[in-house]
Amino acid sequence: MQEPLPDRRTRMPKILSIDKSPEDGLKEVLRFLLENGKVKGVVTLRKTSEDGAVSYSLITNPDDIESTVPLLPLMPVNLAKQLSRLTLIEAATEPIAVVLRPCELRAFVELAKRTQGSLENVLFISSTCGGVYPLEMAVEGNIREHLPEYWKAVGQGELVPNTRLACQACEYFVPYTADITVSLLGNKGIEEETTLFLNTEKGEAIVEGISEKFSEGELDATTIEQIRSKRKAEKEKLSDEVELRNLGIDEITKIFSRCIGCRNCSKVCPACYCHVCFFETETSQHQPVYYERELDKEGCVNMLSDTIYYHLVRLFHVSTSCTACGQCADVCPANIPLWAISLKTGEAVQKAFDYLPGKDIGEGPPITTFVPEEFAEIA
Amino acid sequence: MTTNRKGALLPAEGGAQKGIINFAKQALKQGVFDAVLIPSRVPAGDSFAYFLIRNEAVLEGASPLSPIMPVQGARVISSITRLGKGQKRIAAIMRPCEARATIELAKLGQVDLENITIITMDCPGVIPLSDYFEDAAKGDKVFEDAFQNWNSKPMRPVCRICDKFSSVGAEDLHIGIIGAKSGSILLIPHSSKGEDVLNKMGLSLEEDVNDWEASVNKLTEERKQKRNQSNEGLRSDIEGIDSLIETFSACINCHNCMRVCPICYCLQCHFDSDKMKFSFDDYITRAVARDGLTIPTDTLLFHIGRMLHMSLSCVSCGMCEDACPMAIPVAQVFTLVGDRNQEAFDYVPGRGVDEPLPLTTFEEKEFLEVEQSYAGASARQENQNA
């Protein structure tokens, strides 16, 4: 059983302030944690090649923190999926700190609920998130050029142009179960100041001894609310653009018509954790007669016929735990607006169960909890 | 090089695509086949897929030379016949690289060819999926223009250097387009199955194929040169472990290159199996030893493992590169490696179904130069004896 994390709302969080940009301030904290043996390892983004490629790395040497870019707005992989790999066979045997986005944290909490990883011994550092740029921008190699614009918009609490559409439409940009939250969105001082909210006792204890300023306070609720309204409005606008309203079978057929059946959306999805996907089993392989019967009946058979079936089943499986990270859309070779489909489906299903994935580790996944009086209108 | 091959000339007034469709319709009508497997535009209009077609009216709308390759045809044939041959006699109209991959899959027991007749055509290449899906209407036009002039510029990088764009032996029947008389296509049988088709259709082999052959040979030579240049250029970029790491540094380990690859047929890839899951302590140990462990781990190992498994059968179709979200030149790297490995074994994947896979055939005298460095003495001894 996982111990529920302390509820950060029961106490006034401590604030740790560092007179450096958030990236440098955070790097100082990470170095402090490693140097003082408070953690054995740190997982964060790191430059991995001369030409600017970036990937998550598990770092144990404090000197290597210099090459990290913890707040670079890019999500090469959803870290939840990777943390699941790190802690699947056994929980972390020594403490580690990870820097991740709120949607990644929520996704990992969902995986932990499904015993696909363990929160034990992991210190979660997240941020009020301005979103990430699409992988396409990493491919083009011009993320760095966009950074001044990014940080300006983030500091002002504005939508950041050219970020993932899933990010522009995201209203869960404040992390739920982070031990430490870096205040970024709507924080006008981010050019020269790092503000870290120590949400949990664990978060508070771990930075003990760092020679920086401490105070007390909370995120400014008004600012957060303002940003949330902007994101909600953008979500409506973007959903309209991909024409998702009143999806019937015709629209679904149309929207998935470009699917090439590669299932990469499921491979990168943190919520799709099955080791062997049903659609890759023998059960999903057909005898020739399967096609021949259809051929006799219809006169022609689309040999990519199971794609819609696949997408619907996938939505069915992941919609209670989808945190709308947008990774699926970024890797789709056919440019299908999967982020919007997952977001809208997830939203509807999650609303029906009054469940927000990753909000609370103590709350069981809806399908595993039976409430006799639930959905009386259907029964 | 000229042969004494003969072909059957078929009118194709509306262009090669129409000619191929008319031929397929005729074959269906005459009962030569029960169905045709052919790319067609999907109902939504913005993409293409393989359709198994019996209905002649539906066949009318097919696109044998579709501008894109969303799925490799060999995978499609495998999905129909992997569990056994069907009852229907199917004409599979596909690109040469798809036909070659089909032959490789047949050798690997993933395809049953008994009721399949493979029909290929001179292939102008396909444009990358990302280009096409940006604007399908524009993609259609770009492809059509390029096809008219055999201009390979807008095509997949590996299509631009493809030297096996025509008849390579994998097919039962080939459709010559380059250098065929204008307003016609040339049907050239390459197996008794192919000859049988033409016989049943009452098409006699009267047409001289020298012009077609000359055009194919000319373009093949050009492409071979381009291919060598491209391979050499790439080799200097990726050779050595550091350059190789750099080449794959953006890899997010999604394995999509593997899933769209016609040759990677394992239902469960080793790299997706529990064998590649490690304990927390193992990850920490590696991180300490290497000054940081890149996550996801083992990405380069995956690519090298995949290369080892499939490069002898790689047909350079380019699916992997099109499906890579990080635009890594996977297909170009695999082409370079594949070419060299295939050359070492004097093997051309998909050239003929009777040609066994190199790794299934043991020749005692093979690769003495490799063995020499390990067992120099015994090899020298053998040479002396010989």
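Chain A comprises 14 helices and nine strands. The model is a predicted one. Along the principal axes, the C-alpha atoms of chain A occupy a box of roughly 75 × 50 × 40 Å. The radius of gyration of chain A is 22 Å, which agrees with the value near 21 Å that a compact globule of 379 residues would have. Of these 379 residues, 49% count as buried. When contacts in chain A between residues at least 6 apart in sequence are considered, 77% of them join residues at least 24 apart.

Strand β2 of chain A spans residues 41–47. Six of its seven residues are buried, so β2(A) is largely enclosed by the rest of the structure. Two pairings of this strand were examined. With strand β4 (residues 96–99) of chain A, β2(A) pairs in the parallel sense, over three bridges. Within this pairing, Gly41(A) has Ile96(A) of β4(A) as its bridge partner. With strand β3 (residues 54–59) of chain A, β2(A) runs antiparallel, and six bridges join the two. Here Val42(A) has Ile59(A) of β3(A) as its bridge partner. β2(A) and β3(A) form a hairpin with six residues between the strands. In this hairpin, Gly52(A) takes a positive phi near 95°. In a regular strand, side chains alternate between the two faces of the sheet.

In chain B, helix α13 covers residues 299–310 and has twelve residues. The distance from its first C-alpha to its last is 17 Å, close to the 16 Å expected at 1.5 Å a residue. Five positions of α13(B) are listed here as buried: Thr299(B), Phe302(B), His303(B), Arg306(B) and Met310(B). These residues cover an arc of only 95° around the axis, which puts them on the same side of α13(B). The buried residues of α13(B) pack against α11 (256–260) of chain B. On the other side of α13(B), Leu301(B) and Leu308(B) are exposed.

Notes. Residues numbered from 1 in each chain as written. Chains lettered and ligands numbered in written order. Predicted model: local features only at pLDDT ≥ 70, side-chain atom pairs only at ≥ 80, totals over all residues. Helix = DSSP H or I, 4+ residues; strand = E, 2+ residues; numbered from the N terminus. Expected span 1.5 Å × (residues − 1). Buried ≥ 20, exposed ≤ 12 C-beta atoms within 10 Å, placed from the backbone. Arc of directions from axis to C-beta. Contact = placed C-beta atoms within 7 Å. Rg over C-alpha atoms; globule rule 2.2 N^0.38 Å. Pairing = 2+ DSSP bridges.
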